[in-house]
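Please look at the sequence and the structure before reading the points below.

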Amino acid sequence: LPRVVSTRGMLSTWALRHKRWKKTVAWWLYQRRDLRQACRHHVTAEAEALSVQRLGFCVPVCVIPNGVDLPDIPPAAKAEAAAGRPKIALFLGRIYPVKGLPMLVQAWARARCEGWVLHIAGPDEAGHRSEVEKAVAAAGLGGVVSFLGPLEGSAKREALLAADLFVLPTYSENFGMAIGEALAHRLPVLTTTGAPWPALRTHRCGWWVNPTVEDIAEALRAATATGRDELDAMGARGRDFVAAQFGWPHVAAQFAAMYDSVLRG
């Protein structure tokens, strides 16, 4: 049977270096062979395609992004969620080293984001939350940084609607599904070049900077100095971009074409 392997970021430089010795054993025992014998490698962005191609498998690589759901957002929902409270920067994802949260905490302390609070939502993995909490305490940010725990369903939707800015200070993402979801909820996004989203700059719906404390702090200063009307306009542009590029009919058609090509040999 023809086999398609979707690599999902596991061949990025960061991923291969993390827990390197275990992965080296698996690589030489079976993973390299499995990847070499596939008839297609599916990736979700051009940056991930380069990570796969540099390993020299001589297997065709097909770039198809993830599809993103577009939620219904009542016209007044964002305004109602923003009434009478500080502006919110939201991180939503796994609390895990690759996400760069200690770097975000340092950058927040440098940027001195007056009138803003930072909400960190998501499941703890490998006990990393305690490390981030220590960084928050060491920076004296206990009064402005909150941990919300894992969020699903309506709770996740409410957090996205209540936020004014989405932040993902990641070292490496194959796609960055959380970014697509945030844009779909009309949130401007601040992330790093570790995520394949240069369109945040070209479509004027966010900030895309190097994964360093200095660059993230500078972007935080710019984002938190932006007025609410402009943040809303950036969010609207982001939602329009996601609808055009990552809507399910468009993505599904690309998958259908890839599988048809595979079956035709």
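Residues are sorted by class: Ala, Val, Leu, Ile, Met, Phe, Trp, Tyr, Cys and Pro count as nonpolar, Asp, Glu, Lys and Arg as charged, and the others, Gly among them, as polar. By these classes, 7 nonpolar, 4 polar and 3 charged residues line the largest pocket. The model is a predicted one, in which local features need pLDDT of at least 70 and side-chain atom pairs count only at pLDDT 80 or more, while totals for chains, interfaces and linings use all residues. Residues are numbered from 1 along each chain as its sequence is written, and side-chain values use heavy atoms, with hydrogens and water left out.

**The largest pocket**

- A pocket is an open set of points, on a 1 Å grid over the protein atoms alone, where a 1.4 Å probe fits, with protein on both sides within 12 Å along at least five of seven lines; its lining residues have an atom within 4 Å of a point.
- Of its 14 lining residues, L11, L16, K23, W27 and Q31 are the closest to the centre.
- Helix α2 (20–37) provides the largest share of the lining, 7 residues; β1 (4–6) and α1 (13–17) also supply at least two residues each.
- Helices (H or I, at least four residues) and strands (E, at least two) are DSSP runs, numbered from the N terminus.

- H42 belongs to β2 and is buried (under 20% relative accessible area, with a 1.4 Å probe and protein chains only), its value being 3%.
- The side chains of H42 and S6 make a polar contact at 2.7 Å, that is, a pair of N or O atoms within 3.5 Å, one able to donate a hydrogen and the other to accept it; residues adjacent in sequence count only if both atoms are side-chain atoms.
- H41, also found in β2, is buried with a relative accessible area of 0%.
- A polar atom of the H41 side chain lies 2.8 Å from the backbone oxygen of L35.

**Strand β7 (residues 165–168) and its partners**

- Both faces of β7 are covered, with L165 and V167 on one side and F166 and L168 on the other.
- Strands pair if DSSP finds at least two bridges between them; 2 bridges join β7 to β4 (residues 87–92), in parallel.
- β7 and β8 (residues 189–192) run parallel, joined by 3 bridges, and L168 stands opposite T191.

Note on methods
Buried < 20%, exposed > 50% of the residue type's maximum accessible area, 1.4 Å probe, protein only.
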